[in-house]
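Let's take a walk through this structure together. Keep the sequence beside you as you go.

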Amino acid sequence: MTIVGVDEVGRGAWAGPVVAGAVALAVPIPGLKDSKQLSKAQRETLAALIHQQALAVGLGWVAPAEVDNLGLTEAVRLAMQCALEQIAVAFDELVIDGNYNFFPQDPRAQAVIKADASVSAVSAASIVAKVARDRYMAELGSAYTVYEFAKHVGYGTALHRAKLVAYGVCDQHRLSYKPVRALLGTIQA
């Protein structure tokens, strides 16, 4: 039975894209688990193995402005849909991490809470999405040096907040997010 696992990263970030991964595994890959429980080096190693050994890997990207325009739920759905569209193999089950089924029209689809820790294909999707997004945020860090995106990858850390207060927002920030909006009010006052 072929399972496609789907997970997203970047949902709570103040900046950068939402990225979803979709993976169909051919064989078990030792060491797979929730990407948040792995070190950066472990994620990088596993992501390379996943890309080499999986039947199919898809990545879906939704830019910050799209997140603002669509809202978070629709942005996650779009990212997952884009990732899933890249899976060009037949599959029997579609397992989405979390408590919300983004594909209710597909009878193969089910949402499973903490699937990124219990379903290998979902763990793999979590890992490839996290590695891809972190690399992208590091690249943004080179283009937007004052924000130090490589250090906080867009999440709401004290460092990121300090950079927003010092430099304001850029086109990589999600203006619809309350913490960013609140800082906008502070900066403009």
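Is Ser 123 buried or exposed? Bear in mind as we answer that this is a predicted model. Ser 123 sits in helix 5, and its relative accessibility is 2%. Because buried means under 20% relative accessible area, Ser 123 counts as buried.

What surrounds this serine? Setting aside the neighbours within four places in sequence, Ser 123 is in contact with Leu 32, Lys 33 and Asp 34, and also with Ala 115, Asp 116 and Ala 117. With Asp 116 there is a further detail to look for: the side chain of Ser 123 reaches the backbone oxygen of that residue at 2.5 Å.

Two packed helices are described by the angle between their axes and the distance between the axes. Helix 5, residues 120-143, packs against helix 1, residues 40-53, at an angle of about 115 degrees, and their axes are 9 Å apart. The crossing of the two is left-handed. On the helix 1 side, the contact is made by Arg 43, Glu 44, Leu 46, Ala 47, Ile 50 and His 51. Helix 5 contributes Ala 124, Ile 127, Val 128, Lys 130, Val 131, Asp 134 and Arg 135.

From the helices, turn to the strands. Strand 3 covers residues 56-62 and is mostly covered, with five of its seven residues buried. Strand 2, residues 18-24, pairs with strand 3 in the antiparallel sense over seven bridges. To get your bearings in this pair, find Ala 24, which stands opposite Ala 56 in strand 3.

Glu 148 lies in the loop between helix 5 and helix 6. Its phi is near 55 degrees, a positive value in a residue other than glycine. Val 153 is in the loop between helix 6 and helix 7, and its phi, near 45 degrees, is again positive in a residue other than glycine. How exposed is each one? Glu 148 has a relative accessible area of 23%, so this residue is partly exposed. Val 153, at 11%, is buried.

Terms used: Residues numbered from 1 in each chain as written. Predicted model: local features only at pLDDT ≥ 70, side-chain atom pairs only at ≥ 80, totals over all residues. Heavy atoms only, no water. Axes fitted to C-alpha atoms, helices over the stretch in contact; angles between N-to-C directions. Helix = DSSP H or I, 4+ residues; strand = E, 2+ residues; numbered from the N terminus. Left-handed = near helix turned anticlockwise from the far one by under 90°. Contact = heavy atoms within 4.5 Å. Buried < 20%, exposed > 50% of the residue type's maximum accessible area, 1.4 Å probe, protein only. Pairing = 2+ DSSP bridges. Polar contact = N/O pair within 3.5 Å; in protein donor to acceptor, adjacent residues only side chain to side chain.
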